[in-house]
Amino acid sequence: MDWMAWTWPTAIFFMVIASLLITFTILAIKFPETPRTGILRIETTRGDRLFITLLGSAFINLAWLGLVGANQPYALIVCLIYAAAVFRWV
Amino acid sequence: MEKTVNQKAWFLVLPVLILVAFSAVIPLMTVVNYSVQDTFGNNQFFWAGLEWFAEMLESERMWNALGRQLMFSAIILAIEIPLGIYVALHMPKSGFWSSFCLVLMSLPLLIPWNVVGTIWQIFGRVDIGLLGYTLDALGISYNYTQDTLDAWITIIVMDVWHWTSLVALLAFAGLKSIPDAYYQAAKIDQASRWKVFRFIELPKMMGVLMIAILLRFMDSFMIYTEPFVVTGGGPGNATTLLSIDLVKMALGQFDLGPAAAFSIMYFLVILLVSWVFYTVMTNLDKQEG
């Protein structure tokens, strides 16, 4: 795997995403759910909300980097708030 | 009706997942790894953190390429979608000529991208190309290798020539699926041609048109081969679209780090747009169903 040029931060990043996906897969199998309609007026399941959260978080991080440019870890706090909002209202 | 979702069927797609892992996920992971490191070759990498992302976000070069890219996609959509609908509306609905038109329309779609580029590159040349020579003979100054406007017109006309058929074929399929009863009802109400189009044909075509817009947007947003063959991104940087710029950076200058950061942002934008279109499309389906 040398050619993939792994680093610990990127490995942890992918492990977090993989474990999120696995957790949500298990959740979806153990506790089947009914899609619901939130403020976006679209039907979403937990998986959809996770996708919206992850994609949105990527943009939040980029926006933080571009606009603030320092203290990148604080962007993760914004992401957490965003995630909570998505899971509550979308 | 409320129904619960059973996600177990997802296990059936495991083989595809494995295939996609090798063709897309592993390369993507490698790109992520590259984007946070610097290399001087020799497979030696040095940690750079988010430096490349910050650099790319401030890079005028990237924003300019993005601007050109959005302009290109907007122009070709604005031409291809109405033109495709217009062609579909005027195609024979059945019989020999209908099949003939369908075959004729699909021809440009069968030509490989680089061949399309080569065709137009020669077609537009002033010395040997039919288009370039004719324009020159008519006294119109045209040179796509030196004039920005000419280069843009050439790649836009080329894309319109290549892909309008796809929109027309999709729109035609949408039109064919409208039952005669709708037209008969419109006739009884003495609806004008415009009203038939506005209130029957257009709403019924909405689903396929969304697919057409999505396909054309994504394809034009990622376009590489045709403009690369015709103009090579020139004159200057006038037609250097996102992917051409990306390849220049990654393979031309071998700046793997910035190019990786660039492509991740490119990927995120495409992912976002695809998701929006997909959501709109599935919701349209649900409303119809």
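Student: Before we start, how are things numbered and which parts count?

Tutor: Residues are numbered from 1 along each chain as its sequence is written, while chains are lettered from A and ligands numbered from 1 in the order in which they are written. As the model is predicted, local features need pLDDT of at least 70, side-chain atom pairs count only at pLDDT 80 or more, and totals for chains, interfaces and linings use all residues; side-chain values use heavy atoms, with hydrogens and water left out.

Student: Okay, which elements make up chain A, and in what order?

Tutor: Helices (H or I, at least four residues) and strands (E, at least two) are DSSP runs, numbered from the N terminus. Chain A has three helices and two strands, running α-β-β-α-α from the N terminus on. Chain A is more spread out than a compact globule, because its radius of gyration is 15 Å, well over the 12 Å that the globule rule gives for 90 residues. That radius is taken over C-alpha atoms, and the rule is 2.2 Å times the number of residues to the power 0.38.

Student: How do I read a salt bridge?

Tutor: Side chains of opposite charge can pair when their charged atoms come close. The cut-off is a side-chain nitrogen of Lys or Arg within 4 Å of a carboxyl oxygen of Asp or Glu. Over all chains there are eight.

Student: What does Glu33(A) pair with?

Tutor: Its partner is Arg46(A), with the closest N and O atoms 3.9 Å apart. Glu33(A) lies in the loop between α1 (8-30) and β1 (36-37) of chain A and Arg46(A) in helix α2 (residues 46-67), so the pair ties together parts that are 13 residues apart in sequence.

Student: Are Glu33(A) and Arg46(A) buried or exposed?

Tutor: Both are buried. Buried means under 20% relative accessible area, exposed over 50%, partly exposed in between (1.4 Å probe, protein chains only).

Student: And aromatic rings?

Tutor: A pair of aromatic rings is described by the distance of the centres and the angle of the planes. Rings of Phe, Tyr and Trp (its six-membered ring) pair if their centres lie within 6.5 Å; planes under 30 degrees apart count as stacked, over 60 as edge-to-face and the rest as tilted. The structure holds 20 aromatic pairs over all chains. One of them joins Phe96(B) and Trp97(B), edge-to-face at 5.0 Å centre to centre and 75° between the planes. Phe96(B) and Trp97(B) are both exposed.
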